[in-house]
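User: I've got a two-minute gap before group meeting and a structure to talk through. Can you walk me through it, question by question?

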Amino acid sequence: MSCNPSFGGIGKGHLMREVDALDGLCCRICDQSGVHYKVLNRRKGPAVWGLRAQIDRKLYKQNMQKEILNTPLLTVQEGAVEDLILTEPEPEHTGKYRVSGVVLVDGSTVYAESVVLTTGTFLRGMIVIGLEMHPAGRLGDQPSIGLAQTLEKLGFVVGRLKTGTPPRIAKESINFSILNKQTPDNPSIPFSFINETVWIKPEDQLPCYLTHTNPQVDEIVLENLHLNCHVKETTRGPRYCPSIESKVLRFPNRIHQVWLEPEGMDSDLIYPQGLSVTLPAELQEKMITCIRGLEKAKMTQPGYGVQYDYLDPRQITPSLETHLVQRLFFAGQINGTTGYEEAAAQGAIAGINASLRVRHKPPFVISRTEGYIGVLIDDLTTLGTSEPYRMFTSRAEFRLSLRPDNADSRLTLRGYKEAGCVSQQRYERATWMKSSLEEGISVLKSIEFSSSKWKNLIPEASISSGKSLPLRALDVLKYEEVDIELLAKAVPEPLKEYTKCRELAERLKIEATYESVSFHQQQEIKEVQRDEALQLPKDLDYMTLRDVSLSREVREKLHFSRPQTIGAASRIPGVTPAAIINLLRFVKTTQQRQAAMDRLPQTDQRLCNTDKLEDRQL
Amino acid sequence: MWRGLWTLVARPARGPRSPRPCTRQGSGAPAHGSGATIFALSSGQGRCGIAVIRTSGPASGQALRSLTAPRDLPPARKACLRLLSDPRSEEPLDRALVLWFPGPQSFTGEDCAEFHVHGGPAVVSGVLQALGSVPGLRPAEAGEFTRRAFAHGKLSLTEVEGLADLIHAETEAQRRQALRQLDGELSHLCRGWAETLTKALAHVEAYIDFGEDDNLEEGVLDQGGSAWGVGGGDIWHLSPQRPPYSLSFPPSTADSEVRELEVALGAHLRDARRGQRLRSGAHVVVAGPPNAGKSSLVNLLSRKPVSIVSPEPGTTRDVLETPVDLAGFPALLSDTAGLREGVGPVEQEGVRRAQKRLEQADLILAVLDASDLASASSCNFLDTVVIPAGAGSPNGSSQRLLLVLNKSDLLPAGGPDPSPDLPPHLLLSCLTGEGLDGFLEALRKELAALCGDPSTGPPLLTRARYQHHLQGCLDALGHYKQAKDLALAAEALRVARGHLTRITGGGGTEEILDIIFRDFCVGK
């Protein structure tokens, strides 16, 4: 955790739950290392709840290392990678080269069947404070220059992004007594599906504090723009995690929030979230001390900007393997994303696929109809990005179906069967939960009374008795003030059964809330999946393809993004409906030819996959 | 194996295992494994003997049952004569041949229905609109039938050769048609609505995605809606007193904008009776002072002696209605009593009825005597009827008016225009027929504006789409208001916006994000 001392948030929490559903580590480690757990968006509907926690950096590191070093059959070796070892490509796959290992900075080699690169901000990383710039991946670490050159030489399209981090402040120098205090949730909601509780009691957790900028801060920023080269650079920074300089420039005359967040249980550092800045260090300190509560604050480390290389993510497949180099996978900031959670999501998918690739198994791809991970990777691989990409719930068109509560139902079973990445214990729990939910919903649908009878049974609910149609228990559960507990009091048999497991009871309530819209959403999802089941041949050379009538412009776009399905192709801006139909026709011809060659009874395997996909989505 | 297991697990959710199977699902519930059901006019556009309207998808059976009088499905693949009526109003539409093709033995491989109706534009538009009102049905996108057929393996590769061209052409035609249909006022309206909705949605999305995590300044959403036009960041200010993380305020900017939009859409849908006009005829009311020649004009237009004509003022005392075909459009032509005061009680009642009919008119043919413009009754009529209508009525009705100066034969030949100060007008002589061609052409233009022009390409389809999406948008806005859960509220806005952007184009997520980052300072 080299930037903010927190995990999760809105959209990001969704990604974490999905990583956990695939048995990724970050949720479980966060449940052992948090110091302040808080679910965001509590009042806005369970589909957009954001699990979030302040994390103790030291504990996270310790717990993560313990977990990794105790993983059977895993060898951990530390060292900077300088170069890739490349060999001839496998003829049955696309790609100009094949990676077979890496060369470390000391000249030693590590051979590997597949390689995942997660370079963070290290590729030609450059740190900026005021007018000073020096090469570094992050403060105190060398950048990765050799590797960046290798990748560029191989023909990858390279871009440049920037980000920043705020200064750190000594805890004892802050006057918290005059600031707004925020206490954690009670009880704490764990991140992981397999945890009932977190490691620490709510009363033992640390508070956060809120303060604000003021016109003096604006003044310091505006007067010293000439001393601030990070702000002037043309490199794209995020619009949604801006430095205090860009906030002041874009939204003048406003007050901005600054959250004072603990870095850990026994840490004496405070992370002022919202104060990312690249002014010269002495001006940073001057700026800090004009903020309320920070009048006597001591800055222990200045904030700084980082500029780094990323590779246009349209050069990778949805399994995160590069088009150019076989068995080479990219994950995290190298693909233009920002944030731990986005990185974790890609890390899980890249890791799973690196392993599947070695075992000659089909890739494990999550569709955008199945998860935020799918949305993230589909956006990156079909649209690319020109600013650090961060997840929002508004990016997911099927937001009401892709909820934090049901990530296990969506992904755990697939992960277990197709990727083999899920533990037996988790698999069994997810299977039990899924079937209990389905049973519960069908029971709730089967109980029907008139609305006046419901009104008598549950006087607390604001049921309008005007309706002539009978109401199902599931409809009654939709009312805000009704939960399973209340329903079970009214209809103990058979509903009492469903109050025993708290998680099950809560999830049934959520399912009821979204039941009415889920039908429409399922229809749309099927339409998307139908197009995604139609795969485009991986080795298609769009520039020279003769059998398909496509414009030059469309050819170039397809050539660069290399969409794997008709669905992905149709989301590329500038690819027309007519071009899609031509591609469809081509796919169909190819399939028929293939089928004839294989002499298979079924001529249309790819289309048959549609049914499989449809069954998967329930 | 994977699939089998899943089906097994999935079963209880669909109901059969529960003690009392849910009757609500009924037979109308769309079949498993299905998308939306689409409909379109499959035969040529414009006037023709028979028009074929087709549906494809799981709700096809439901659609067929909803429109046909005996509510059972006809035998598969057998043509049956059925009375079609609008399921909402029960209004009969046509007596038509219907065919039922249960999937997979159909053109698309899905359940399909065909309605072979009489080819008049009124009938076709009526049936399309009736179909649009059946739950689960939506107008087809360009080439969608063929594409579904293709996806279900129903078309050979040679058959599909021309599909891309077809879709390209259809898309182009639809685009041109949409432009034509939506030019001017309507297009302006639609774009305005879409923008309002995109902005409202962006603000709700910002509230969801950045309200708590990203220090989205509190109170930004409960500012007055009018302030948003500026799009700047200096309008709202933080209220630091508000405790952190207790952002319980509703996104009321979005709320008020949505409310306004709802009113506007509702009014528009009620007002834009174009489809209905085309079906039942536009109301054309002939009005004017006594003895201006109104009845002569009615007789001329209906080509039969509907009204008694005499030189005596006040001959027509009641409202006389006659259905006519005016320049290819169906119209209900009403002759009215001349407007004047201070006469006997019978004629007075006639005047009252004439005025009432005037209020309901889609098109007023205002008739004045060209040789008698200075008279009190002419001036009074100009002041009370013609001028207000020309100024555009404040209640926003779409009433139109055509001013005709009759009896041009009484004017001195080759003389100057008798009335340069009048609003735009036409000279006509019902007696000699002089000026009739010009008048008919002007009338055709007016009616085309009122009814939509059925002779230019596929406007019926466009209109059905247009109305379908506006209604869909309105329904979704209703859901937005009811939703307690903000994610559901946002979904309703997404659906509403989806309907509008189907009309106007655009509608990506980036558009929303752009507004968010323009309007809000989000970030840690």
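This is a predicted model: local features need pLDDT of at least 70, side-chain atom pairs count only at pLDDT 80 or more; totals for chains, interfaces and linings use all residues.

User: Which residues form a nonpolar patch on the surface, and about how much accessible area do they have together?

Analyst: The patch sits on chain A and is made of L69(A), L74(A) and V76(A). Taken together, their accessible area is about 290 Å².

User: Is L69(A) buried or exposed, and in which helix is it found?

Analyst: Exposed means over 50% relative accessible area. L69(A) has 57% relative accessibility, so it counts as exposed. As for its place, L69(A) belongs to residues 57-69 of chain A, which is helix α3.

User: What is the strand order in the open sheet of three strands in chain A, and which strands stand at the edges?

Analyst: The order is β1-β3-β2, with antiparallel pairing. β1 (6-8) and β2 (34-40) each have a single partner strand, so one side of each lacks a neighbour in the sheet. Neighbouring strands are turned by 20° against each other on average, ignoring direction. The edge strands, then, are β1 and β2 of chain A.

User: How many bridges join β1(A) to β3 of chain A, and which residue does S6(A) stand opposite?

Analyst: β3 covers residues 50-55, and β1(A) runs antiparallel to it, joined by three bridges. S6(A) faces a residue of β3(A), namely Q54(A).

User: Where is N41(A), and what is its phi near?

Analyst: N41(A) is in the loop between β2 and β3 of chain A. Its relative accessible area is 0%, so N41(A) is buried. This residue is not a glycine, yet its phi is positive, near 60°.

User: Over in chain B, how many bridges pair β3(B) with β4(B), and which residue is the bridge partner of S85(B)?

Analyst: The two strands pair in the antiparallel sense, over six bridges. S85(B) has its bridge partner in β4(B), and that partner is P92(B).

User: What phi does E90(B) take in that hairpin, and is E90(B) buried or exposed?

Analyst: E90(B) lies in the loop between β3 (80-85) and β4 of chain B, and the hairpin has six residues between the strands. Its relative accessibility is 52%, so E90(B) counts as exposed. Although E90(B) is not a glycine, its phi is positive, at about 65°.

User: Which side chain makes a polar contact with the side chain of E205(B)?

Analyst: E205(B) lies in helix α6 (residues 185-210) of chain B. With a relative accessible area of 1%, E205(B) is buried. The contact links chain B to chain A at 2.6 Å, and the partner is R399(A).

User: What is omega near for the cis peptide bond from E493(A) to P494(A)?

Analyst: P494(A) has its place in helix α16 (residues 492-495) of chain A. The peptide bond leading from E493(A) into P494(A) is cis, with omega near 5°.

User: And which residues does a cis peptide bond join in chain B, with omega about what?

Analyst: The proline here, P104(B), lies in the loop between β4 (92-101) and β5 (112-118) of chain B. The cis bond joins G103(B) and P104(B), and omega is about 0°.

Technical notes: Residues are numbered from 1 along each chain as its sequence is written. Chains are lettered from A and ligands numbered from 1 in the order in which they are written. Side-chain values use heavy atoms; hydrogens and water are left out. Patches are made of residues with over 30% relative accessible area and no salt bridge: like charges are joined within 9 Å, nonpolar side chains (Val, Leu, Ile, Met, Phe, Trp, Tyr) within 5 Å. Accessible areas come from the Shrake-Rupley method with a 1.4 Å probe; for residues, only the protein chains shown count as cover. A salt bridge is a side-chain nitrogen of Lys or Arg within 4 Å of a carboxyl oxygen of Asp or Glu. Helices (H or I, at least four residues) and strands (E, at least two) are DSSP runs, numbered from the N terminus. Buried means under 20% relative accessible area, exposed over 50%, partly exposed in between (1.4 Å probe, protein chains only). Two strands pair if DSSP finds at least two bridges between them. Axes are lines fitted to C-alpha atoms, for helices over the stretch in contact, and angles run from 0 to 180 degrees between N-to-C directions. A polar contact is a pair of N or O atoms within 3.5 Å; within protein, one must be able to donate a hydrogen and the other to accept it, and residues adjacent in sequence count only if both atoms are side-chain atoms.
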